[in-house]
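This briefing concerns helix geometry and helix packing in the structure shown below.

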Amino acid sequence: MVDYLLGVGILAAVYAINALSLNLQVGVTGLLNFGQVAFVGIGAYSVAILDSHGVHWAVGFAVGGIIAGVAGALVGRLGRTLSSDYWAIATLALAELVRLVALNQDGFTGGAQGLSAVAGLWTNLSGTARDTATFATIAALLVVTYVVARRVRNGQYGRVLVLIRENPDLAASLRHDVVSAKARVMALSAVMASVCGGFYAMYISFIGPSQLLPFATFLVFTMVVVGGLGNTTGAVVGALLITVLYDGTRFVRDWIDISADQAAGIRILVIGVVLLGFLLVRTQGLVPEKVRTAHARR
Amino acid sequence: MTEVLIDTAVRGSIIALLAVGLTLVQGTLQFANIAHMEFATLGGYIAVALTGAGLGLLLSSVLGVVIVAVLAVVFYRLLFRRLLGSGTMIALIGSLALAIIIRAVLQLVFGSRPRYLPTPLERGMDFHGALITPSQIRLICIALALLATLAVVLKFTSLGRAIRAVAANPDLADVSGLNRKRVVDVVWMVSAGLAATSGILLSIDSAVGIELGFNLLLPVFAAAIVGGLGSTLGATIAAYALAFAESFVLQVDWGALAGGAYHLEVGYRPAVGFVLLVVMLAFRPQGLMGRTVRRG
């Protein structure tokens with residue numbers, strides 16, 4: 001039972017980092033990134049590929065972070081002339097491109113089989129002790145990410161980002177560099193996502209193209225919306241709830257007699273209904289964003 | 001080369017039927033409906049279910065199109081109107097959620113293995129050295145006829161004028177006494193009907209699977225965006241151009257340029273659309289036929 005809870009805890013923390021990153025983009029800045037999973041994949045594959053060549057994981061994290069950061073900045077710049085819905089589709093296309101490369105460059109990425117036996121964390125420990133140490137590590141990482149995300153959101157830069165979301169023309173007319181602000185927030189979020197990806201690959205010691213499907217992004221979107229778009233704490237709350245829900249529905253076949261295919265369908269259906277329900281009934285999420293009005297400032 | 005042309009005509013028709021509907025909805029509501037492609041999948045599965053219940057192929061197909069068109073209006077009235085009230089971003093995420101839900105429900109009901117429509121076995125015909133089946137000829141003809149009809153309706157009838165008026169300036173259309181709600185309903189019905197037709201034609205040509213719509217998502221969006229969102233003619237041209245680019249890129253012996261032999265892997269076929277899309281978005285975001293981008 002303890003092991004199971006630790007497992008869910010680790011997964012929830014990994015997703016929470018991912019949700020914090022997506023919240024900075026979607027919630028705070030209004031950048032609808034449907035290709036979030038690509039940044040996660042870049043981090044995961046960097047660690048896994050370098051590990052398979054005997055390079056230390058720390059180098060993998062650094063390389064993944066740099067590639068993802070540059071990719072994020074470029075994707076952010078792509079938005080200079082685009083209205084937000086075209087940009088959203090472009091990000092989805094880029095993520096699919098990353099998945100196609102992972103699937104087809106067999107020599108490099110292991111193709112459809114993916115890369116397994118990625119070096120784990122705390123290999124000198126075993127059993128519950130190892131899980132506890134892993135959980136402590138990811139929890140620490142989550143706290144750092146949370147503090148960074150919160151500082152960004154509540155600082156001067158965060159207020160500019162919110163203004164870009166609410167009224168880009170006004171932001172530009174106040175001489176804020178909208179394109180550069182978008183590129184920077186994308187770069188920062190991409191680095192967060194790649195760290196999350198690298199950790200994930202080490203934790204389950206595997207990464208493959210099947211984990212880069214758009215549904216992975218969709219799951220994180222659900223977390224951010226349920227938690228409350230734009231609210232940093234909400235992203236963590238949403239990640240925890242949806243991880244428990246999505247992981248819990250793994251056991252659906254223990255209660256009702258259905259095929260594996262149908263069970264997979266039900267798990268996806270539950271997430272889809274939760275997201276649509278929140279969008280329709282409680283758009284602001286469980287922990288709504290607090291936008292300070294101009295005269296509240298003294 | 002004939003092979004490339006036949007392939008282009010078939011795939012281009014499938015993409016064009018979907019892209020035209022996507023662009024119409026985008027034009028009237030200023031929102032990109034990601035669930036649009038699922039209307040194609042739904043059409044295919046409904047036709048499968050109806051033929052399974054003993055109806056003829058033609059009747060099932062027509063009924064399938066009608067049912068999907070009605071369903072689309074229901075979705076619009078129950079979901080999208082409300083979602084659009086909270087902003088286009090919420091509507092976009094909501095349409096993604098609806099797409100996921102539709103796919104999950106279809107997987108629950110039909111399982112994830114592909115299903116086939118009961119089509120008679122046909123002998124392929126030799127056409128200048130390449131093979132084409134009668135059902136492919138039918139597919140191309142039906143698609144072209146529908147696209148031409150749509151163009152005529154949009155250009156010359158009062159309904160078409162009303163649709164174009166709402167697309168150009170919704171508020172002005174309202175003030176001039178057009179029934180905007182009715183126009184939007186009609187647009188949803190027409191675009192979903194075209195999508196379902198595309199899905200059924202594709203299911204007759206090959207098979208219908210859960211991923212039918214999703215696999216078309218990026219080429220269709222690429223065609224709609226490259227054509228200039230809101231422009232049906234642009235979307236049609238872009239759809240065929242994209243289909244040509246896709247099959248051309250795979251046929252060309254790229255190695256010959258460097259003196260070897262290298263063909264791009266078939267797995268990269270969808271990548272052609274992505275690359276075209278991203279290049280287009282970076283350099284000419286208003287598309288081939290688009291008006292200058294309006295920022296809302």
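A:Ser205, the residue that follows helix α9 of chain A, has a positive phi near 50 degrees. The model is a predicted one. Two packed helices are described by the angle between their axes and the distance between the axes, and the pairs below are treated in those terms.

**Helix α9 of chain A**

- Helix α9(A) covers residues 178–204, 27 residues in total; at 1.5 Å a residue it should span 39 Å, and the 39 Å between its end C-alpha atoms agrees with that expectation.

**Helices α1 and α6 of chain A**

- In chain A, helix α1 (residues 2–28) packs against helix α6 (residues 127–154) at an angle of about 20 degrees, and their axes are 9 Å apart.
- The two helices, α1(A) and α6(A), are therefore roughly parallel to each other, since angles under 35 degrees count as such.
- Their crossing, that of α1(A) and α6(A), is left-handed.
- In the contact of α1(A) with α6(A) there are 17 nonpolar residues, alongside five polar and three charged ones.

**Helices α1 and α9 of chain B**

- Helix α1 (residues 2–29) and helix α9 (residues 212–227) of chain B pack at about 65 degrees with an axis separation of 8 Å.
- This angle makes α1(B) roughly perpendicular to α9(B), because that class runs from 65 to 115 degrees.
- The crossing in which α1(B) passes α9(B) is right-handed.
- From α1(B), the contact draws on B:Arg11, B:Ile14, B:Ile15, B:Leu18, B:Ala19, B:Leu22 and B:Thr23; α9(B) contributes B:Leu216, B:Pro219, B:Val220, B:Phe221, B:Ala223 and B:Ala224.
- Sorted by class, the residues where α1(B) meets α9(B) comprise eleven nonpolar, one polar and one charged.

**Helices α1 and α6 of chain B**

- Helix α1(B) also packs with helix α6 (residues 158–168) of chain B: the axes come within 6 Å and cross at roughly 60 degrees.
- At that angle α1(B) is oblique to α6(B).
- On the α1(B) side the residues are B:Leu24, B:Gly27 and B:Thr28, which meet B:Ile163, B:Val166 and B:Ala167 in α6(B).
- The contact of α1(B) with α6(B) has four nonpolar and two polar residues, and no charged ones.

How values were computed: Residues numbered from 1 in each chain as written. Chains lettered and ligands numbered in written order. Predicted model: local features only at pLDDT ≥ 70, side-chain atom pairs only at ≥ 80, totals over all residues. Heavy atoms only, no water. Axes fitted to C-alpha atoms, helices over the stretch in contact; angles between N-to-C directions. Helix = DSSP H or I, 4+ residues; strand = E, 2+ residues; numbered from the N terminus. Parallel < 35°, antiparallel > 145°, perpendicular 65-115°, else oblique. Left-handed = near helix turned anticlockwise from the far one by under 90°. Contact = heavy atoms within 4.5 Å. Nonpolar A, V, L, I, M, F, W, Y, C, P; charged D, E, K, R; others polar. Expected span 1.5 Å × (residues − 1).
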